[in-house]
Amino acid sequence: MKVIVMNRHQSERWVTKESHAMISISSPGDRSEVLPLPVNRCLKFLRLAFYDLDRRIHGYPRMTRRQARQIWRFVQALNGIPILVIHCDAGVSRSPAVAAAITKWQTGDDTEWFKRFYPNRWVYRQLIETMPT
């Protein structure tokens, strides 16, 4: 499965005729929800909300293990969908962390994501620690 990382702006304008799935990550309370364009072939969609934090700050929820497990259940249920698009607001931290963990699970190698982006270490760790065996 090909994993693509985007920011919110890119995901709102992305057009493809290829079947794909999407994980949309936003901050809690964000009212501008990104939904796949009707012209696209988005077969599965998961929306999560947590702040881009790698340490605890009272009143600002960061990714939970429950959300990490939601991602893994979603990914395991893709059943041959060839493309997974993951986006967050900037496309630099949260979505690359998710992409890195998924790629690590698929191939054992996540180095490309750490070379090109700045994956959120908390998000990455939650996914690695809940990774399916």
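Figure 1. The structure shown here and in the views below is a predicted model. Across the whole structure, a search finds four aromatic pairs. In one of them, the ring centres of F114 and Y124 are 5.2 Å apart and the ring planes stand at 90°, so this pair is edge-to-face. The two residues are ten apart and link distant parts of the chain: F114 lies in helix α4 (residues 111-116) and Y124 in helix α5.

**Figure 2. Helices α3 and α5.** Helix α3 covers residues 94-107, and its axis comes within 8 Å of that of α5. The two axes cross at roughly 25°, so α3 and α5 are roughly parallel to each other. Their crossing is right-handed. On the α3 side the contact involves R94, A97, V98, A100, A101 and K104. On the α5 side, these residues meet V123, Y124, L127 and I128. Sorted by type, the residues of this contact are eight nonpolar, no polar and two charged.

**Figure 3. Helices α2 and α5.** Helix α2 (residues 65-76) packs with helix α5 (residues 121-129) at an angle of about 65°. The axes of these two helices are 9 Å apart, and the crossing is right-handed. From α2, the residues in contact are R65, A68, I71 and W72. From α5, they are Q126, L127 and E129. This contact divides into four nonpolar residues, one polar and two charged.

Figure 4. N79 is placed in the loop between α2 and β4 (83-88). Its phi is near 45°, a positive value in a residue other than glycine. Most residues other than glycine have a negative phi. With a relative accessibility of 69%, N79 counts as exposed.

**Figure 5. V92 in the loop between β4 and α3.** V92 sits in the loop that joins β4 and α3. Its relative accessible area is 36%, so V92 is partly exposed. Between V92 and Y118 there are 5.8 Å in space, from C-alpha to C-alpha, and the two are 26 residues apart in sequence. Leaving aside residues up to four places away in sequence, V92 touches F117, Y118 and P119.

Figure 6. S26 belongs to strand β2, which spans residues 19-26. At 3% relative accessibility, S26 counts as buried. The C-alpha atom of S26 is separated by 4.8 Å from that of A49, and these two residues are 23 apart along the chain. When residues up to four places away in sequence are not counted, S26 touches R8, R47, L48, A49, F50, D89 and R94.

Terms used:
Residues are numbered from 1 along each chain as its sequence is written. This is a predicted model: local features need pLDDT of at least 70, side-chain atom pairs count only at pLDDT 80 or more; totals for chains, interfaces and linings use all residues. Side-chain values use heavy atoms; hydrogens and water are left out. Axes are lines fitted to C-alpha atoms, for helices over the stretch in contact, and angles run from 0 to 180 degrees between N-to-C directions. Helices (H or I, at least four residues) and strands (E, at least two) are DSSP runs, numbered from the N terminus. A crossing is left-handed if the near helix is turned anticlockwise from the far one by less than a right angle, and right-handed if clockwise. Contact means heavy atoms within 4.5 Å. Ala, Val, Leu, Ile, Met, Phe, Trp, Tyr, Cys and Pro count as nonpolar, Asp, Glu, Lys and Arg as charged, and the others, Gly among them, as polar. Angles under 35 degrees count as roughly parallel, over 145 as roughly antiparallel, 65 to 115 as roughly perpendicular and the rest as oblique. Rings of Phe, Tyr and Trp (its six-membered ring) pair if their centres lie within 6.5 Å; planes under 30 degrees apart count as stacked, over 60 as edge-to-face and the rest as tilted. Buried means under 20% relative accessible area, exposed over 50%, partly exposed in between (1.4 Å probe, protein chains only).
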